[in-house]
Amino acid sequence: MPGSAQLSQTLKQATGVLATRGEGVLLYDEDGRRYLDFTAGIGVTSTGHCHPRVVEAAQRQVGTLIHAQYTTVMHRPLLTLVQRLGEVLPAGLDRLFFANSGSEAVEAALRLSRQATGRPNVIVFHGGFHGRTVAAASLTTSGTKFRSGFSPLMAGVHVAPFPDPTHFGWPVEQATDFALAQLDYVLQTLTTPADTAAFVVEPVLGEGGYVPGNERFFAGLRERADRYGILLVIDEVQTGVGRTGKFWGGMHFNADPDILITAKGLASGFPLSGIAASAELMAKAWPGSQGGTYGANAVACSAAVATLDVIRDEGLVDNAAQRGAQLRAALQLVADKHDAITDVRGLGLMIGCEFRDAEGKPDPVTAAAAQQEAARRGLLLLTCGAWGQVVRFIPALVVSGDQIEEAAGIWADTVNSVVAH
(Lines give C-alpha, C1' and ligand atoms only; values in the text may rest on other atoms or scores of the structure.)
Protein backbone atom coordinates (compact mmCIF):
# COMPACT_ATOMS: atom_id res chain seq x y z
CA MET A 1 0.00 0.00 0.00
CA PRO A 2 1.28 3.50 -0.74
CA GLY A 3 2.53 5.31 2.33
CA SER A 4 2.98 2.15 4.38
CA ALA A 5 6.77 2.32 4.76
CA GLN A 6 8.24 2.83 8.22
CA LEU A 7 11.65 3.08 9.77
CA SER A 8 13.42 -0.16 10.61
CA GLN A 9 12.00 -1.57 13.82
CA THR A 10 15.55 -2.38 14.90
CA LEU A 11 16.35 1.30 15.36
CA LYS A 12 16.12 2.07 19.05
CA GLN A 13 15.08 5.57 20.05
CA ALA A 14 16.70 6.99 23.17
CA THR A 15 13.82 9.44 23.68
CA GLY A 16 10.32 9.95 22.33
CA VAL A 17 10.98 13.56 21.32
CA LEU A 18 9.96 14.68 17.83
CA ALA A 19 12.20 17.70 17.42
CA THR A 20 11.17 20.57 15.17
CA ARG A 21 13.59 23.32 16.09
CA GLY A 22 16.95 23.75 17.80
CA GLU A 23 18.76 26.74 19.19
CA GLY A 24 22.06 26.40 21.02
CA VAL A 25 21.63 23.77 23.73
CA LEU A 26 17.84 23.80 23.38
CA LEU A 27 15.50 21.61 21.35
CA TYR A 28 11.77 22.14 20.88
CA ASP A 29 9.17 19.53 19.95
CA GLU A 30 6.01 19.88 17.86
CA ASP A 31 4.06 21.09 20.88
CA GLY A 32 6.64 23.77 21.59
CA ARG A 33 8.01 22.02 24.67
CA ARG A 34 11.58 23.01 25.48
CA TYR A 35 14.32 20.48 26.24
CA LEU A 36 17.89 20.88 27.40
CA ASP A 37 19.81 18.78 24.88
CA PHE A 38 22.77 17.24 26.66
CA THR A 39 23.30 14.72 23.85
CA ALA A 40 24.44 17.16 21.10
CA GLY A 41 23.56 14.56 18.48
CA ILE A 42 26.03 12.18 20.20
CA GLY A 43 28.68 14.87 20.50
CA VAL A 44 28.16 16.35 17.03
CA THR A 45 26.57 19.80 17.41
CA SER A 46 29.69 21.34 18.92
CA THR A 47 28.58 24.96 18.39
CA GLY A 48 25.00 24.17 19.39
CA HIS A 49 21.94 23.78 17.24
CA CYS A 50 21.79 26.21 14.33
CA HIS A 51 24.56 28.58 15.36
CA PRO A 52 23.91 31.70 13.25
CA ARG A 53 27.41 31.76 11.76
CA VAL A 54 27.25 28.09 10.78
CA VAL A 55 23.77 28.54 9.33
CA GLU A 56 24.88 31.57 7.32
CA ALA A 57 27.95 29.78 5.96
CA ALA A 58 25.95 26.72 4.93
CA GLN A 59 23.15 28.77 3.36
CA ARG A 60 25.62 30.85 1.39
CA GLN A 61 27.40 27.74 0.15
CA VAL A 62 24.17 25.98 -0.84
CA GLY A 63 23.40 28.92 -3.08
CA THR A 64 26.71 28.80 -4.93
CA LEU A 65 28.07 25.23 -5.03
CA ILE A 66 26.68 22.19 -3.22
CA HIS A 67 28.80 19.31 -4.45
CA ALA A 68 32.20 19.57 -6.05
CA GLN A 69 33.71 16.10 -5.88
CA TYR A 70 37.16 16.71 -4.51
CA THR A 71 39.12 14.20 -6.54
CA THR A 72 37.55 15.71 -9.64
CA VAL A 73 37.71 19.46 -8.93
CA MET A 74 38.88 21.59 -6.01
CA HIS A 75 36.73 24.10 -4.16
CA ARG A 76 37.62 27.00 -1.89
CA PRO A 77 35.83 25.80 1.31
CA LEU A 78 37.96 22.65 1.24
CA LEU A 79 41.22 24.56 0.82
CA THR A 80 40.23 26.98 3.57
CA LEU A 81 39.35 24.09 5.89
CA VAL A 82 42.72 22.46 5.31
CA GLN A 83 44.43 25.73 6.20
CA ARG A 84 42.32 26.24 9.32
CA LEU A 85 42.86 22.68 10.55
CA GLY A 86 46.57 23.17 10.05
CA GLU A 87 46.40 25.83 12.76
CA VAL A 88 45.03 23.41 15.38
CA LEU A 89 46.38 19.97 14.48
CA PRO A 90 49.26 18.51 16.52
CA ALA A 91 52.69 19.42 15.21
CA GLY A 92 53.81 17.39 12.22
CA LEU A 93 50.34 16.31 11.08
CA ASP A 94 50.22 18.36 7.90
CA ARG A 95 48.37 16.18 5.39
CA LEU A 96 44.60 15.54 5.42
CA PHE A 97 42.16 13.11 3.84
CA PHE A 98 38.40 13.70 4.23
CA ALA A 99 35.43 11.36 4.29
CA ASN A 100 31.89 11.50 5.69
CA SER A 101 31.61 9.43 8.86
CA GLY A 102 33.77 8.35 11.74
CA SER A 103 33.73 4.76 10.54
CA GLU A 104 35.03 5.78 7.11
CA ALA A 105 37.84 7.78 8.68
CA VAL A 106 38.76 4.86 10.95
CA GLU A 107 38.94 2.57 7.94
CA ALA A 108 41.07 5.12 6.07
CA ALA A 109 43.48 5.21 9.03
CA LEU A 110 43.57 1.42 9.09
CA ARG A 111 44.27 1.22 5.37
CA LEU A 112 47.03 3.83 5.61
CA SER A 113 48.60 2.04 8.58
CA ARG A 114 48.74 -1.29 6.80
CA GLN A 115 49.99 0.16 3.53
CA ALA A 116 52.61 2.37 5.16
CA THR A 117 54.07 -0.37 7.33
CA GLY A 118 53.45 -3.42 5.18
CA ARG A 119 52.17 -5.15 8.32
CA PRO A 120 48.81 -6.94 8.66
CA ASN A 121 47.78 -6.63 12.29
CA VAL A 122 46.49 -3.91 14.62
CA ILE A 123 46.06 -3.76 18.38
CA VAL A 124 43.00 -2.08 19.86
CA PHE A 125 42.10 -1.51 23.50
CA HIS A 126 39.27 -3.14 25.38
CA GLY A 127 36.19 -0.93 25.57
CA GLY A 128 37.02 1.11 22.47
CA PHE A 129 34.41 2.10 19.92
CA HIS A 130 35.52 2.79 16.36
CA GLY A 131 32.39 2.35 14.23
CA ARG A 132 29.86 -0.02 12.72
CA THR A 133 31.20 -0.86 9.26
CA VAL A 134 32.92 -4.24 9.03
CA ALA A 135 36.52 -3.15 9.60
CA ALA A 136 35.56 -0.49 12.15
CA ALA A 137 33.31 -2.94 14.00
CA SER A 138 36.16 -5.43 14.00
CA LEU A 139 38.18 -2.85 15.96
CA THR A 140 35.30 -2.18 18.37
CA THR A 141 35.08 -3.89 21.76
CA SER A 142 32.74 -1.59 23.69
CA GLY A 143 29.79 -3.96 23.30
CA THR A 144 28.76 -7.05 21.36
CA LYS A 145 25.81 -5.25 19.74
CA PHE A 146 28.22 -3.47 17.41
CA ARG A 147 29.92 -6.61 16.13
CA SER A 148 27.58 -9.59 16.50
CA GLY A 149 25.53 -11.36 13.87
CA PHE A 150 27.59 -10.69 10.75
CA SER A 151 30.72 -12.74 11.30
CA PRO A 152 33.34 -13.39 10.19
CA LEU A 153 34.78 -10.03 11.09
CA MET A 154 38.04 -8.71 9.70
CA ALA A 155 41.10 -10.71 10.71
CA GLY A 156 44.26 -9.25 12.16
CA VAL A 157 42.79 -7.47 15.19
CA HIS A 158 44.12 -8.11 18.68
CA VAL A 159 42.83 -6.63 21.92
CA ALA A 160 44.80 -5.33 24.90
CA PRO A 161 43.38 -3.86 28.14
CA PHE A 162 42.58 -0.19 28.57
CA PRO A 163 43.58 1.22 31.99
CA ASP A 164 40.04 1.40 33.41
CA PRO A 165 40.34 1.65 37.20
CA THR A 166 36.59 1.40 37.76
CA HIS A 167 36.25 -1.84 35.80
CA PHE A 168 39.22 -3.50 37.46
CA GLY A 169 38.57 -2.02 40.89
CA TRP A 170 42.17 -0.84 41.11
CA PRO A 171 43.92 2.51 41.51
CA VAL A 172 44.77 4.10 38.17
CA GLU A 173 48.49 3.35 38.59
CA GLN A 174 47.83 -0.36 39.07
CA ALA A 175 45.43 -0.42 36.13
CA THR A 176 48.06 1.28 33.98
CA ASP A 177 50.78 -1.15 35.03
CA PHE A 178 48.48 -4.02 34.13
CA ALA A 179 47.46 -2.53 30.78
CA LEU A 180 51.04 -1.94 29.65
CA ALA A 181 52.21 -5.33 30.89
CA GLN A 182 49.37 -7.04 29.04
CA LEU A 183 50.16 -5.06 25.90
CA ASP A 184 53.68 -6.45 26.05
CA TYR A 185 52.18 -9.92 26.53
CA VAL A 186 49.99 -9.46 23.44
CA LEU A 187 53.07 -8.45 21.45
CA GLN A 188 54.87 -11.52 22.76
CA THR A 189 52.09 -14.07 22.27
CA LEU A 190 49.55 -12.91 19.67
CA THR A 191 51.08 -10.46 17.19
CA THR A 192 54.81 -9.91 16.97
CA PRO A 193 55.83 -6.27 16.53
CA ALA A 194 57.06 -7.12 13.03
CA ASP A 195 53.44 -8.02 12.14
CA THR A 196 51.81 -5.07 13.97
CA ALA A 197 50.94 -1.99 11.95
CA ALA A 198 49.24 0.18 14.57
CA PHE A 199 47.84 0.78 18.00
CA VAL A 200 44.33 2.27 17.63
CA VAL A 201 43.02 3.96 20.77
CA GLU A 202 40.59 6.60 22.06
CA PRO A 203 41.91 9.20 24.56
CA VAL A 204 38.64 8.67 26.46
CA LEU A 205 36.57 5.55 25.94
CA GLY A 206 33.31 6.80 24.42
CA GLU A 207 30.72 4.05 24.05
CA GLY A 208 32.90 2.11 26.47
CA GLY A 209 31.79 4.28 29.39
CA TYR A 210 33.54 7.69 29.29
CA VAL A 211 36.75 6.40 30.84
CA PRO A 212 39.76 8.72 30.39
CA GLY A 213 43.20 7.35 29.68
CA ASN A 214 46.22 8.80 31.44
CA GLU A 215 49.59 10.28 30.60
CA ARG A 216 51.70 7.29 31.59
CA PHE A 217 49.59 4.93 29.51
CA PHE A 218 49.95 7.07 26.40
CA ALA A 219 53.65 7.54 27.05
CA GLY A 220 53.94 3.76 27.19
CA LEU A 221 52.13 3.43 23.88
CA ARG A 222 54.35 6.05 22.27
CA GLU A 223 57.53 4.40 23.57
CA ARG A 224 56.52 0.98 22.24
CA ALA A 225 55.38 2.45 18.94
CA ASP A 226 58.74 4.14 18.47
CA ARG A 227 60.69 1.06 19.56
CA TYR A 228 58.93 -1.29 17.15
CA GLY A 229 57.98 0.98 14.23
CA ILE A 230 54.28 0.69 15.06
CA LEU A 231 51.98 3.63 14.25
CA LEU A 232 50.01 5.28 17.05
CA VAL A 233 46.49 6.06 15.77
CA ILE A 234 44.45 8.30 18.06
CA ASP A 235 40.69 8.11 17.48
CA GLU A 236 39.44 11.63 18.28
CA VAL A 237 36.03 11.14 16.66
CA GLN A 238 34.20 11.96 19.90
CA THR A 239 36.93 13.60 21.97
CA GLY A 240 38.19 16.07 19.37
CA VAL A 241 37.32 19.66 18.43
CA GLY A 242 37.17 20.99 21.99
CA ARG A 243 34.90 18.39 23.59
CA THR A 244 37.22 17.57 26.50
CA GLY A 245 38.31 21.11 27.33
CA LYS A 246 41.38 20.91 25.09
CA PHE A 247 41.16 21.02 21.32
CA TRP A 248 42.16 17.36 21.07
CA GLY A 249 41.50 14.90 23.87
CA GLY A 250 44.96 13.41 23.54
CA MET A 251 46.45 16.76 24.57
CA HIS A 252 45.47 15.97 28.17
CA PHE A 253 47.98 13.12 28.13
CA ASN A 254 50.65 14.50 25.77
CA ALA A 255 49.63 11.81 23.30
CA ASP A 256 51.70 12.14 20.14
CA PRO A 257 49.76 10.51 17.30
CA ASP A 258 51.10 9.38 13.97
CA ILE A 259 47.53 9.45 12.63
CA LEU A 260 44.68 11.46 14.12
CA ILE A 261 41.04 10.66 13.31
CA THR A 262 38.36 13.36 13.55
CA ALA A 263 34.60 13.59 12.82
CA LYS A 264 31.52 14.37 14.98
CA GLY A 265 31.97 17.97 16.21
CA LEU A 266 34.02 19.08 13.21
CA ALA A 267 31.13 20.55 11.18
CA SER A 268 28.37 21.21 13.75
CA GLY A 269 26.07 18.52 12.36
CA PHE A 270 27.07 18.25 8.71
CA PRO A 271 28.62 14.88 7.77
CA LEU A 272 32.39 15.31 7.65
CA SER A 273 35.31 13.27 8.91
CA GLY A 274 38.99 13.03 8.22
CA ILE A 275 42.41 11.70 9.08
CA ALA A 276 45.58 13.70 9.54
CA ALA A 277 49.14 12.42 9.21
CA SER A 278 52.57 13.71 8.26
CA ALA A 279 53.45 14.26 4.62
CA GLU A 280 56.00 11.45 4.86
CA LEU A 281 53.47 8.97 6.23
CA MET A 282 50.61 9.98 3.94
CA ALA A 283 52.90 9.55 0.94
CA LYS A 284 53.08 5.84 1.75
CA ALA A 285 49.38 5.36 0.96
CA TRP A 286 49.03 3.42 -2.26
CA PRO A 287 47.83 5.31 -5.34
CA GLY A 288 44.04 5.25 -5.62
CA SER A 289 43.55 4.08 -2.03
CA GLN A 290 41.97 7.35 -0.89
CA GLY A 291 38.76 8.75 -2.33
CA GLY A 292 35.01 8.82 -1.99
CA THR A 293 32.06 10.46 -3.71
CA TYR A 294 30.80 12.72 -0.94
CA GLY A 295 33.97 13.31 1.10
CA ALA A 296 34.80 16.98 1.70
CA ASN A 297 31.39 18.11 0.48
CA ALA A 298 31.47 21.86 -0.13
CA VAL A 299 28.58 22.65 2.23
CA ALA A 300 30.04 20.47 4.99
CA CYS A 301 33.45 22.10 4.54
CA SER A 302 31.89 25.58 4.74
CA ALA A 303 30.11 24.57 7.95
CA ALA A 304 33.37 23.18 9.33
CA VAL A 305 35.25 26.41 8.64
CA ALA A 306 32.49 28.37 10.38
CA THR A 307 32.59 25.88 13.25
CA LEU A 308 36.32 26.36 13.74
CA ASP A 309 35.89 30.13 13.58
CA VAL A 310 33.14 30.06 16.22
CA ILE A 311 35.14 27.79 18.51
CA ARG A 312 38.10 30.15 18.28
CA ASP A 313 36.22 33.46 18.45
CA GLU A 314 33.88 32.47 21.27
CA GLY A 315 36.52 30.69 23.35
CA LEU A 316 34.57 27.43 23.33
CA VAL A 317 37.48 25.18 24.26
CA ASP A 318 37.97 27.16 27.46
CA ASN A 319 34.20 27.20 27.98
CA ALA A 320 34.14 23.41 27.69
CA ALA A 321 36.81 23.17 30.39
CA GLN A 322 35.09 25.64 32.73
CA ARG A 323 31.53 24.43 32.23
CA GLY A 324 32.76 20.85 32.36
CA ALA A 325 34.31 21.45 35.77
CA GLN A 326 31.06 23.05 36.92
CA LEU A 327 29.00 20.12 35.61
CA ARG A 328 31.24 17.48 37.08
CA ALA A 329 31.15 19.11 40.49
CA ALA A 330 27.35 19.33 40.37
CA LEU A 331 27.00 15.72 39.28
CA GLN A 332 29.36 14.63 42.04
CA LEU A 333 27.14 16.35 44.62
CA VAL A 334 24.24 14.22 43.38
CA ALA A 335 26.35 11.07 43.41
CA ASP A 336 27.49 11.77 46.98
CA LYS A 337 23.85 11.43 48.08
CA HIS A 338 23.17 8.16 46.29
CA ASP A 339 25.09 4.92 46.61
CA ALA A 340 23.62 3.85 43.26
CA ILE A 341 26.00 6.24 41.45
CA THR A 342 29.47 4.84 42.06
CA ASP A 343 31.56 7.07 39.79
CA VAL A 344 31.46 10.47 38.09
CA ARG A 345 34.24 10.79 35.54
CA GLY A 346 35.30 12.39 32.29
CA LEU A 347 37.02 15.41 30.80
CA GLY A 348 35.49 18.75 29.86
CA LEU A 349 31.95 18.36 28.55
CA MET A 350 32.22 14.59 28.27
CA ILE A 351 31.12 13.24 31.64
CA GLY A 352 29.60 9.94 32.69
CA CYS A 353 27.75 8.84 35.83
CA GLU A 354 28.06 5.11 36.49
CA PHE A 355 25.28 3.14 38.19
CA ARG A 356 25.94 -0.05 40.12
CA ASP A 357 23.68 -2.15 42.32
CA ALA A 358 24.05 -3.05 45.99
CA GLU A 359 26.38 -5.90 45.04
CA GLY A 360 28.61 -3.59 43.04
CA LYS A 361 27.52 -4.98 39.67
CA PRO A 362 26.73 -2.73 36.69
CA ASP A 363 23.13 -1.53 36.86
CA PRO A 364 21.80 -0.73 33.39
CA VAL A 365 18.18 -0.86 34.57
CA THR A 366 18.54 2.10 36.92
CA ALA A 367 20.72 3.98 34.42
CA ALA A 368 18.07 3.57 31.71
CA ALA A 369 15.31 4.58 34.11
CA ALA A 370 17.23 7.72 35.03
CA GLN A 371 17.86 8.58 31.39
CA GLN A 372 14.17 8.16 30.54
CA GLU A 373 12.96 10.09 33.58
CA ALA A 374 15.35 12.93 32.81
CA ALA A 375 13.86 13.17 29.32
CA ARG A 376 10.36 13.35 30.78
CA ARG A 377 11.58 16.22 32.93
CA GLY A 378 13.10 18.06 29.96
CA LEU A 379 16.75 16.94 30.00
CA LEU A 380 17.95 14.76 27.11
CA LEU A 381 20.75 12.33 27.93
CA LEU A 382 22.18 9.07 26.60
CA THR A 383 23.64 5.93 28.13
CA CYS A 384 26.87 4.09 27.35
CA GLY A 385 29.16 1.48 28.90
CA ALA A 386 29.39 -2.25 28.20
CA TRP A 387 26.19 -2.90 30.13
CA GLY A 388 24.57 0.48 29.42
CA GLN A 389 25.24 1.35 33.05
CA VAL A 390 26.61 4.86 32.45
CA VAL A 391 24.52 7.98 31.81
CA ARG A 392 26.52 10.45 29.75
CA PHE A 393 26.39 14.24 29.60
CA ILE A 394 27.65 15.80 26.34
CA PRO A 395 26.12 19.25 25.84
CA ALA A 396 27.22 21.58 23.08
CA LEU A 397 30.35 23.60 23.81
CA VAL A 398 28.25 26.78 23.93
CA VAL A 399 26.44 25.64 27.08
CA SER A 400 26.14 28.36 29.73
CA GLY A 401 26.61 28.22 33.46
CA ASP A 402 22.88 28.75 33.99
CA GLN A 403 22.09 25.83 31.70
CA ILE A 404 24.54 23.61 33.56
CA GLU A 405 22.84 24.59 36.82
CA GLU A 406 19.39 23.89 35.39
CA ALA A 407 20.46 20.49 34.06
CA ALA A 408 22.06 19.56 37.36
CA GLY A 409 18.84 20.44 39.17
CA ILE A 410 16.79 18.24 36.84
CA TRP A 411 19.30 15.44 37.28
CA ALA A 412 19.15 15.70 41.07
CA ASP A 413 15.35 15.46 40.99
CA THR A 414 15.54 12.61 38.49
CA VAL A 415 17.90 10.51 40.59
CA ASN A 416 15.89 11.21 43.73
CA SER A 417 12.80 9.93 41.93
CA VAL A 418 14.34 6.88 40.29
CA VAL A 419 16.49 5.65 43.15
CA ALA A 420 13.71 6.21 45.69
CA HIS A 421 11.51 3.84 43.72
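Modeller: Contact here means heavy atoms within 4.5 Å, and the model under discussion is a predicted one. With that cut-off, and leaving aside residues up to four places away in sequence, Thr-239 touches Pro-203, Val-204, Thr-244, Phe-247, Trp-248, Gly-249 and Met-350. Thr-239 itself is found in the loop between strand 10, which covers 231–235, and strand 11, which covers 259–262. Buried means under 20% relative accessible area, and Thr-239, at 2% relative accessibility, therefore counts as buried although it is a loop residue. Its side chain also takes part in a polar contact of 2.5 Å with the side chain of Glu-236.

Helix 7 runs over residues 172–189, has 18 residues, and reaches 25 Å from its first C-alpha to its last, close to the 26 Å expected at 1.5 Å a residue. Its buried residues are Ala-175, Thr-176, Ala-179, Leu-180, Leu-183, Val-186 and Leu-187; seen down the axis of helix 7, these fall within an arc of 130°, so they line one face of the helix. An α-helix has 3.6 residues a turn, so residues three or four places apart point the same way. What covers the buried residues of helix 7 includes strand 5 (121–125), strand 6 (157–160), helix 6 (165–168), strand 7 (196–201) and helix 8 (215–228), whereas the face turned away from that buried side carries the exposed residues Tyr-185 and Gln-188.

Conventions: Residues are numbered from 1 along each chain as its sequence is written. This is a predicted model: local features need pLDDT of at least 70, side-chain atom pairs count only at pLDDT 80 or more; totals for chains, interfaces and linings use all residues. Side-chain values use heavy atoms; hydrogens and water are left out. Helices (H or I, at least four residues) and strands (E, at least two) are DSSP runs, numbered from the N terminus. The expected span of a helix is 1.5 Å times one less than its number of residues. Buried means under 20% relative accessible area, exposed over 50%, partly exposed in between (1.4 Å probe, protein chains only). The arc is that of the directions from the helix axis to the C-beta atoms. A polar contact is a pair of N or O atoms within 3.5 Å; within protein, one must be able to donate a hydrogen and the other to accept it, and residues adjacent in sequence count only if both atoms are side-chain atoms.
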